[in-house]
Amino acid sequence: MNQVVVKPLAEEPEVTLLKLSGDIGLNEIPQITALVDEYYGKGALHWAVDLSEVNFLSSPAVGAIMGLRSRVVARLGSISVFAAHARLAEKLKLMGVDLVIPAFRNLQAYVDHFRWEYKGASREVNLVLPAN
């Protein structure tokens, strides 16, 4: 199984998905960096980091994600993480990641946020009221 996968997000193709799996330590940093550089170089500005299958995320791996954040924000892009298990979410919070990178409980919550913030969903709201 590949521990690092980068590809367009099926639900929103202009979002690039960085999917991490298993234990992400120092050995995975070169692969993360190479794939991120490749997609960033092709113009990927909106990123979603899937942590749903991560058992362990090293500090250098968090640093790589934070480095990506700096790059995309400088070009008016975005980065979010989603589906971190409770222990990992707590670790990210203790490191202050949640202060600069939005975190979502699952993919759908992220997609809803992205559509609201970047696709104009915030420009229209449909209300259905009782006809009494």
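Reader: How many cavities of 30 Å³ or more does the structure hold?

Author: On a 1 Å grid over the protein atoms alone, a cavity is a set of points where a 1.4 Å probe fits but cannot get out; grid points are joined across faces, edges and corners, and the volume is the space filled by probe spheres set on the points. In this predicted model the structure holds one cavity of 30 Å³ or more, and the largest cavity contains about 40 Å³ of space. Local features need pLDDT of at least 70 and side-chain atom pairs count only at pLDDT 80 or more, whereas totals for chains, interfaces and linings use all residues. Residues are numbered from 1 along each chain as its sequence is written, and side-chain values use heavy atoms, with hydrogens and water left out.

Reader: Which residues line the largest cavity?

Author: Lining residues have an atom within 4 Å of a point, and here they are Leu51, Leu57, Val62, Ile65, Val81, Leu92 and Val97. By class the lining has seven nonpolar, no polar and no charged residues, where Ala, Val, Leu, Ile, Met, Phe, Trp, Tyr, Cys and Pro count as nonpolar, Asp, Glu, Lys and Arg as charged, and the others, Gly among them, as polar.

Reader: How is a pair of packed helices described?

Author: Two packed helices are described by the angle between their axes and the distance between the axes. Helices α1 (residues 29-41) and α2 (residues 59-74) have axes that come within 10 Å and cross at roughly 15°, with axes fitted to C-alpha atoms over the stretch in contact and angles running from 0 to 180 degrees between N-to-C directions. Therefore α1 is roughly parallel to α2, a label for angles under 35 degrees. Helices here are DSSP runs (H or I, at least four residues), numbered from the N terminus.

Conventions
Helix = DSSP H or I, 4+ residues; strand = E, 2+ residues; numbered from the N terminus. Parallel < 35°, antiparallel > 145°, perpendicular 65-115°, else oblique. 1 Å grid on protein atoms, 1.4 Å probe; cavity = no way out; pocket = protein on both sides within 12 Å on 5 of 7 lines; lining within 4 Å.
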